[in-house]
Amino acid sequence: MDWNQVLDAGDVDAGEINVVIEIPKGSNNKVEWNRKLKVFEIDRIEPSTFPKPTNYGFIPQTLDEDGDELDALVLTNDPLPMNTFLKVRALGVMKFTDDGEVDDKILCVPADDRDSGDAIKTLKDVPAQLLKQIEYHFNHYKDLKKPGSTKVEYWGDAEEAKAVIRESQIRWKNQ
């Protein structure tokens, strides 16, 4: 199945976005959607000391400045299964560079999260310690191979996240 044919980014203006899960929370497998082959591919195995602190996926029919679909970090207590999709609400954007390229990450929660009672509504509702853990992960997960090649610049709010998604949708349409 080609996720970019089946789904679009969702209703970005209303804040309900589609995300396809590539990597479950806690995994150290770096799985990526291969757009040309229309399959998930293991890009690399990360050190077991750096499991993903969140579920990791992409927003269909978007392209970030690095040429890949726009990344999404989905906050849940438990891992979400790979090769599934869900509707999420964007909380904000982690402005991020990887080897000098913009590689932003949209931080989000499930649109219907009965486990938390939909407790997280904005970026300010995310525990500060969790944001620090996410930053630490992304600032250091490549240290064994390419020290200093990644950098979390800052966290932007939901409106900035929506603007990043819209820009990525335009890039997708213009490819």
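User: Why is Ser27 called buried?

Analyst: Ser27 has a relative accessible area of 16%. Buried means under 20% relative accessible area, exposed over 50%, and partly exposed in between, with a 1.4 Å probe and protein chains only. Ser27 is therefore buried. A word on the origin: this is a predicted model, where local features need pLDDT of at least 70, side-chain atom pairs count only at pLDDT 80 or more, and totals for chains, interfaces and linings use all residues. Residues are numbered from 1 along each chain as its sequence is written, and side-chain values use heavy atoms, with hydrogens and water left out.

User: Where does Ser27 lie, and what does Ser27 touch?

Analyst: Ser27 sits in the loop between strand E2 (16-23) and strand E3 (29-34). Helices (H or I, at least four residues) and strands (E, at least two) are DSSP runs, numbered from the N terminus. Leaving out residues up to four places away in sequence, Ser27 touches Pro51 and Lys52; contact here means heavy atoms within 4.5 Å. The Ser27 side chain also reaches the backbone nitrogen of Asn29 at 3.0 Å.

User: What makes Gln61 partly exposed?

Analyst: Its relative accessibility is 24%, so Gln61 counts as partly exposed. Gln61 is in the loop between strand E5 (55-59) and strand E6 (70-74). Its phi is near 55°, a positive value in a residue other than glycine.

User: And is Asp118 called buried or partly exposed?

Analyst: Partly exposed, because Asp118 has 21% relative accessibility. Asp118 lies in the loop between strand E9 (105-110) and helix H2 (128-140). Asp118 is not a glycine, yet has a positive phi of about 55°.

User: Let's zoom out. How many helices and strands are there in the protein?

Analyst: The protein has 3 helices and 10 strands, and along the sequence the pattern is α-β-β-β-β-β-β-β-β-β-α-β-α.

User: Why is the protein called as compact as a globular protein of that length?

Analyst: Its radius of gyration is 15 Å, close to the 16 Å that the globule rule gives for 175 residues, so the protein is as compact as a globular protein of that length. The radius is taken over C-alpha atoms, and the rule is 2.2 Å times the number of residues to the power 0.38. Along its principal axes, the C-alpha trace spans about 40 × 40 × 30 Å.

User: What share of the residues in the protein is buried?

Analyst: Buried residues make up 47% of the 175. Among contacts between residues at least 6 apart in sequence, 66% join residues at least 24 apart.

Notes:
Polar contact = N/O pair within 3.5 Å; in protein donor to acceptor, adjacent residues only side chain to side chain.
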